[in-house]
Amino acid sequence: MLEIKRAGHSTLTTPDIERMIDYFTRIVGLSLTARDKNRAILATKSGVEAIVLEKGGAAEATRLSFQVAPGSDLGEVASRLKKAGLKSERQSDITPGIGEALVFTDPKGTTIEVFSDFTFTPEDHNFNGVMPLKFGHIAYQCPDVQGIVKFYCDVLGFRVSDWRSDFFAFLRCSRDHHTVNFLRNDKTAIHHIAFEVRDWSDIKRACDLLARNNIKLTWGPIRHIIGHNIAIYHHNPDGVVIEFFCDMDQMFDEQLGFFEPRPWHQDRPQRPKVWGDETPSNWWGPMSRSAPHGDPGAHKPAAAPAPKPAERAPALARKREEKKTTRSKAKPRRR
Ligand SMILES: [Fe+2]
């Protein structure tokens, strides 16, 4: 098993690379660090590569990179992958910052690039856009959520933070509540990409900036219940859902096994668990109910590889359940 430390960058294909470079630099506030006709590398202002754009037919997240401990021997990492029955290939010049990586495909068809060392990008003195701290997490839709969760835990070393019922999994590889999400749907596709910002005032600044550029929020500001992050969502020019978030639950100590205490947690202590299907998506903020993941009422309960069985329905969920409206029954939820 590997010990993934963090997500590196996500590679997105786009039919209009110029439009996406403009969006990621002027709106998101990433730095364009390298580009040619068909490819562009974008990094946070702190100098960490976050997004790679590649010219393609449709907007897809084809590749995802992960970092293992600096100084790790990639040959030894390849042996561990082989032991897990996975063939990997060593490749060079992944990006300007990543010289070497082990490349393989995960069970849903995403190319994974595992690297141990990288170089920070040159300083960019242009301050513009939202300027997130980092590439925070990526959510995929796929048919076999249990299978992909098992792979990420058993092979890559992720831990399950939470499940919503048996169809939406939140996995961590660091203290952050989730770095990858998997949501059940018939076909495999990107669900959303999220960037972490510093705090609530950065969320407010992002709302103003998006409005000034005539980009409508599609959801938020909200505080989620699962993960407890404050979040806003919008569509980028390719139609991919982009989230800016702050205040996500943190697991400071894996041995202690609970997320850091907060006044808004439903359980005390808040441990990884299976949340009931009826759990509301957010604690506060607008409750939009249109969702791309299909009808949640259609799934059948199954034995999920979850960390713990559901302990009890959270108090808010019970209250909401009592007041359940026909509107919430009629439309699927997002998360
Ligand atoms: Fe998210």
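Predicted model: local features only at pLDDT ≥ 70, side-chain atom pairs only at ≥ 80, totals over all residues.
Student: Which residues of helix H2 are buried?

Tutor: Helix H2 covers residues 74-83. Seen down its axis, the buried residues of H2 fall within an arc of 55°, so they line one face of the helix. Those buried residues are Leu74, Val77 and Leu81.

Student: Which exposed residues does the face of H2 turned away from its buried side carry?

Tutor: Let's take the buried side to begin with: its residues pack against strand E6 (89-92), strand E7 (100-105) and strand E8 (111-115). The face turned away from that side carries the exposed residues Lys82 and Lys83.

Student: Which residue caps the N-terminal end of H2?

Tutor: Look for a side-chain oxygen that lies 2.8 Å from the backbone nitrogen of glycine 75. That oxygen belongs to the capping residue, aspartate 73.

Student: How many residues apart are histidine 137 and glutamate 243?

Tutor: Histidine 137 is in strand E9 (residues 134-142), while glutamate 243 is in strand E16 (residues 241-246). The pair links distant parts of the chain, and the separation is 106 residues.

Student: Is glutamate 243 buried or exposed?

Tutor: A residue counts as buried under 20% relative accessible area. Glutamate 243 has 0%, so it is buried.

Terms used. Residues numbered from 1 in each chain as written. Heavy atoms only, no water. Buried < 20%, exposed > 50% of the residue type's maximum accessible area, 1.4 Å probe, protein only. Helix = DSSP H or I, 4+ residues; strand = E, 2+ residues; numbered from the N terminus. Arc of directions from axis to C-beta. Contact = heavy atoms within 4.5 Å. Polar contact = N/O pair within 3.5 Å; in protein donor to acceptor, adjacent residues only side chain to side chain.
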